[in-house]
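Dear colleague,

I am handing over the structure we spoke about, and below it I set out what turned up when it was examined. Please read the notes with the coordinates open beside you.

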Amino acid sequence: MKRSFVNNMSSAKAACADTGLGRMSVRNCLVLLVFLLSGCGTDAVTLPADYNEQRVKVITVDLTAVRGEVSALSGLQGGPTAIIAGDSSLAGPMRDVGTNLLRLPEGYLCEYSLAGTVPNPSAALDDPENYDFSGLETVFGGATSLDGIAQDAGKVVYQGIFDIGLNTCSIESGVQRGERPVDPARWAEATTNVMRYLNRDLLNPDDPADSPWLLVAQDYRVRWLEPYDDPLGRGGYDSVDDVLSDFLTMGTTLRQVFPAGDAQSTVQLAGPSMVFSDGADVDNHPLVQFIDGLVAQGQGELLGAVTFQLDVETANEAQRIAEALRQVLDGRGLVDTPLWLTRYELPERRYSSPVPGDNAALWSIFSGAWSNGVRMALQGLVDEAVYYRGDRERVPDGADPALPQSPLWTANGVPRPMWYAWYPWTLLSGVGPRVAATVVGDDAPDELWVMAIRQNDAVCPENNNSGFDGAGCLMVHVLVANTDESASMRDVQYQVRITGAETDAVSARVGHWRVDEGRSGPPKNPPAFSEEEIIPVSDGGLLYQVSGTIPGVSYVQAIFFNP
């Protein structure tokens, strides 16, 4: 059966005005008419004159095609404690954006590293008096006080970098560097004792080796030890064989004090945190050689998690490398070994970080959209991801302390656009599975990423008449991140088509918020929808169109109900 279409804008607006759909905008009524009628005949459809110029990107969401659970991947380098004089605590902003992993203390200069904690390399290592824990007390005391980090499902990682002895660490052109341990056995012993200090609840008062540490140890519950950070680069190693040899020494020493077990009952070892760059040959990468050597010696169980770092320009490249690494682990019998991305950041070659006095908003927007693209791309491939970084880096004496900035918040802890770009993830984790979400068309840009989640037990609207009290309504979350630099126009429209709802609901309340250049004024805290409408549902589906700019992030939430 054929149906006639509205063939000009004026009659279309009149038709939409007569629908009685309340707050539904004319824009979304027009796209709804196209959605409902496009499959019912061969009549031509006259779209708005500027339809193509608006760069409309069609996103389809199939609620019947389940893709797996959502991984938050909300780790950060650095902690909430203000290390730079005059900065504010980040405890509130970090908690509110759902941070689930903190990696410390790289970036706080040498006095906070293992080199600073054990400044005298020839001192007796079994005597706590020969350790300087003042820096660790500051950073880990603040990190582990965050709700949802050490005391709950989250994680705190101690980086045992570099060798013992303060003279083994240096800052070169703003980059922290170390040396390979001169005596790997003493390095491993000192690092294991630091883990004693961080985990008082794991010490045995009847063990003479633990006794002196009970007097100084703290209940920080830092259950993860990462002894390397870019070992073949900043870490001072020359060969994979040396990295492997020292890792085995560390693992043997650690297990003598902290026997194997789960992450709640013992200390886990993660590594080797080697770096992959654009175009990296994963199969022949030093990290794979490290894994092969470990497995060949029957020591694969030493790895509580395999860690790697990325220095890549696009989320597509991050996905390619992670997929190949996961295949390597599975092929070596490490199917159940978690894979962690311990460092990724927006490269300077993609977008330069601002200097003091510059407007940091666009850099923060780009960082938020780019990092969200990486987090979407790595779903189902990695178990944790750590953005570099959350707080501001310390700078050497004489350097401008205002120079390093965080894209997430100001020195005073005020959220920047990237914080708002990350905020939707606090609504997505644990509520339901990911479902198929696709950008339609051959011209879909590589750097437009979308993810959708189906939540079956959302709280129903107050005027719901679906027969449910409280929870029980279907909610769909759609997150879009766009850093498509090839776009000739910065304005973009997203036409979101949701199908397969399998519900008898006749309406949906749809809300949208955006983080981009088009947003006027500072976002509310917590974010509030900039648009919210009631639109009709047809055959278990709906159509909704939103505006944005490039770069930018859009979040759409639709809850199905019967008014």
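A residue counts as buried when its relative accessible area is under 20%, and as exposed when that value is over 50%. Please keep in mind throughout that this is a predicted model.

With that cut-off, Leu303 is buried, because its relative accessibility is 5%, and this residue belongs to the loop that runs between α9 (286-296) and β9 (305-311). Leaving aside residues up to four places away in sequence, Leu303 is in contact with Phe247, Leu269, Ala270, Gly271, Phe290, Ile291, Leu294 and Thr337. One of these, Gly271, is 32 residues away along the chain, yet its C-alpha atom is 7.0 Å from that of Leu303.

For the protein as a whole, 55% of the 563 residues are buried, and the chain forms 13 helices and 19 strands.

The largest cavity has a volume of about 100 Å³, and it is lined by 14 residues, of which Asp87, Ser88, Leu90, Asp391 and Arg392 are the closest to its centre. Sorted by class, that lining consists of seven nonpolar, four polar and three charged residues. The second largest cavity holds about 70 Å³ of space; 13 residues line this cavity, and the closest to its centre are Phe162, Pro227, Tyr228, Gly235 and Tyr237. Here the lining divides into eight nonpolar, two polar and three charged residues.

The aromatic side chains may also be of interest to you. The structure contains 23 aromatic pairs, and ring pairs join Trp419, Tyr420, Tyr423, Trp513, Phe529 and Tyr555 into a cluster. Where do arginines sit over aromatic rings, with Arg375 and Arg389 as the cases to look at? Arg375 lies over the face of Trp425, at 4.2 Å from the ring centre, whereas the charged end of Arg389 is placed over the ring of Tyr388, 5.2 Å from the centre of that ring.

With best wishes

How values were computed: Residues numbered from 1 in each chain as written. Predicted model: local features only at pLDDT ≥ 70, side-chain atom pairs only at ≥ 80, totals over all residues. Heavy atoms only, no water. 1 Å grid on protein atoms, 1.4 Å probe; cavity = no way out; pocket = protein on both sides within 12 Å on 5 of 7 lines; lining within 4 Å. Points joined across faces, edges and corners; volume = space filled by probe spheres on them. Nonpolar A, V, L, I, M, F, W, Y, C, P; charged D, E, K, R; others polar. Phe/Tyr/Trp six-rings, centres within 6.5 Å; stacked < 30°, edge-to-face > 60°. Lys NZ or Arg CZ within 6 Å of the ring centre and 35° of its normal. Helix = DSSP H or I, 4+ residues; strand = E, 2+ residues; numbered from the N terminus. Buried < 20%, exposed > 50% of the residue type's maximum accessible area, 1.4 Å probe, protein only. Contact = heavy atoms within 4.5 Å.
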